[in-house]
Amino acid sequence: MDAYYNKYERDPQTRKSYDRRWKRIRDRYISEHPLCEECQKYGRLTPAEEVHHIIPLSKGGTNADSNLMSLCKQCHSSITAREGERWARR
């Protein structure tokens, strides 16, 4: 599903932003923030698996640390679904 979304549905300009440079930023950020930041708000210690842009790149967000969050897959899916960015009806 991720591969399909990235290839066919993600905005081409945004897709270009997820390159080798992003992988280095992501790896550095997740090593500095190894636990899900959303789960921590509720006292849960869950390993982070993904890095989320608080303001999406497609809406003017950046790769600055202040715009990133470490999240577990469940929290990332929940936030993304709530924002409607990825699974919005077209």
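A salt bridge, as I use the term in these entries, is a side-chain nitrogen of Lys or Arg within 4 Å of a carboxyl oxygen of Asp or Glu.

Entry one. I am working with a predicted model, and I began by looking up how many salt bridges the structure holds, which turned out to be six. I reminded myself that side chains of opposite charge can pair when their charged atoms come close.

Entry two. I looked up Arg26 and Asp27, whose side chains meet in a salt bridge with 3.2 Å from N to O.

I turned to Glu32 and Arg28, whose side chains form a salt bridge at 3.1 Å, N to O. Both residues lie in helix α3, which covers residues 20-32, and they stand four residues apart, about one turn of the helix. Glu32 counts as partly exposed with 45% relative accessibility, and Arg28 counts as partly exposed with 33%.

Which parts does the pair of Arg28 and Asp65 tie together? I found that their side chains meet in a salt bridge of 2.7 Å, N to O. Arg28 belongs to helix α3, whereas Asp65 sits in the loop between β1 (50-53) and β2 (68-71), so the pair ties together parts that are 37 residues apart in sequence. Asp65, at 35% relative accessibility, is also listed in my notes as partly exposed.

Methods: Residues numbered from 1 in each chain as written. Predicted model: local features only at pLDDT ≥ 70, side-chain atom pairs only at ≥ 80, totals over all residues. Heavy atoms only, no water. Helix = DSSP H or I, 4+ residues; strand = E, 2+ residues; numbered from the N terminus. Buried < 20%, exposed > 50% of the residue type's maximum accessible area, 1.4 Å probe, protein only.
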